[in-house]
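Morning, everyone. Please have a look at the sequence and the structure before I start.

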Amino acid sequence: MRIIDINADLGEGFGVWRLGDDEAMLDIVTSANVACGFHAGDPALLLRTCEAAAERDVRIGAQVSYRDLAGFGRRFVDATPEDLKADVVYQIGALQAIAHAAGTDVRYVKPHGALYFAIVTNTDQARAVAEAVHAVDPHLPVLGLTGSAFFREAEQLGLRIVPEAFADRAYRPDGRLVDRRQRGAVLHDMDVIADRIASMVLSGRVDAVDGSTIPITVDSICVHGDSPGAVQIAEVVRDRLKTEGVDIAPFT
């Protein structure tokens, strides 16, 4: 039986500002990419999020980012490899302490936002992030895009790589995601999302924005917790996969 993980970005509010419905998402997903305070998430929120995940046996991942709270981590930062490595080590360590206080552990690492996309091609930053993960715990898997510089650097260090696909995002012909600032980058039609997920998981293929069909490798499906209708999208993804006979379970 095919087994697929469903992950979502959670803990992304800050202070009095709430973003998404983390409680509802945690009832659906099997892995939670929890913010580490650099792009979102204050300590109290992150502790509550980790506690809620632990109660549901949802795996916790450190969602590491550039130091960009004002820009929600969606702005590229030309950080030196030394600074970026230290920032990632710091974030994983902080969330690991919070997770321990909640009675659980950080089980994997996933870069967020602009950092996620930068290390698809930026080898220096990709190596810095991979080295940071390896330095903290060489047994931590990393989530990312197949074919990325990040995955190449991670594999060279012996890290386990977990390829993911996105339920609510459009793809370019080269397998990368369409920039959020472009029209049609974020998908909203539930039937389209369900059909795309089924094709990704069962056939290893997805339609790109130019009409071509491209290969895709997926062990985990990401649903953005801050997207409009995120909970409904997560439910649609879960239900369609179950209908297709796919088992939903964490990859760790």
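First, a term. A crossing is left-handed if the near helix is turned anticlockwise from the far one by less than a right angle, and right-handed if clockwise. The model is predicted, so to speak of local features we need pLDDT of at least 70, side-chain atom pairs count only at pLDDT 80 or more, and totals for chains, interfaces and linings use all residues. Residues are numbered from 1 along each chain as its sequence is written, and side-chain values use heavy atoms, with hydrogens and water left out.

Let me start with helix packing. Two packed helices are described by the angle between their axes and the distance between the axes. Axes here are lines fitted to C-alpha atoms, for helices over the stretch in contact, and angles run from 0 to 180 degrees between N-to-C directions. Helices (H or I, at least four residues) and strands (E, at least two) are DSSP runs, numbered from the N terminus.

Take α3 and α5. Their axes come within 8 Å and cross at roughly 40°. The crossing of α3 and α5 is right-handed. On the α3 side, the contact includes Leu84, Val88 and Ile92. On the α5 side, Ala128, Val129 and Ala132 are among the residues involved. Contact means heavy atoms within 4.5 Å. By class, this contact has eleven nonpolar, one polar and three charged residues. The classes are simple: Ala, Val, Leu, Ile, Met, Phe, Trp, Tyr, Cys and Pro count as nonpolar, Asp, Glu, Lys and Arg as charged, and the others, Gly among them, as polar.

Next, α5 again, with a new partner. Helix α5 covers residues 123-136, and helix α6 covers residues 149-156. Their axes come within 8 Å and cross at roughly 45°. That makes α5 oblique to α6. On angle names: under 35 degrees counts as roughly parallel, over 145 as roughly antiparallel, 65 to 115 as roughly perpendicular, and the rest as oblique. α5 passes α6 in a right-handed crossing. Thr123, Ala126, Arg127, Val129 and Ala130 of α5 meet Ala149, Phe150, Glu153 and Ala154 of α6. Six of these residues are nonpolar, one is polar and two are charged.

Now the third pair. At what angle do α2 and α3 pack? About 50°, with the axes 8 Å apart. Helix α2 is residues 43-55 and helix α3 is residues 81-101. α2 and α3 are therefore oblique to each other. Their crossing is right-handed. From α2 come Pro43, Leu46, Leu47 and Cys50, and from α3 come Leu95, Ile98, Ala99 and Ala101. This contact has eight nonpolar residues, no polar and no charged.

On to empty space. Rolling a probe the size of a water molecule over the atoms shows where empty space is left. The search runs on a 1 Å grid over the protein atoms alone. A cavity is a set of points where a 1.4 Å probe fits but cannot get out. A pocket is an open set with protein on both sides within 12 Å along at least five of seven lines, and lining residues have an atom within 4 Å of a point. Grid points are joined across faces, edges and corners, and a volume is the space filled by probe spheres set on the points.

The largest pocket holds about 560 Å³. Its lining has 25 residues, with Gly113, Ala114, Phe117, Asp179 and Arg180 nearest the centre. Which element gives the most to that lining? α4, with six residues. The lining divides into nine nonpolar, six polar and ten charged residues.

There is one cavity of 30 Å³ or more. α4 gives the largest share, three residues. Seven lining residues are nonpolar, two are polar and none is charged.

That's my tour. Over to you.
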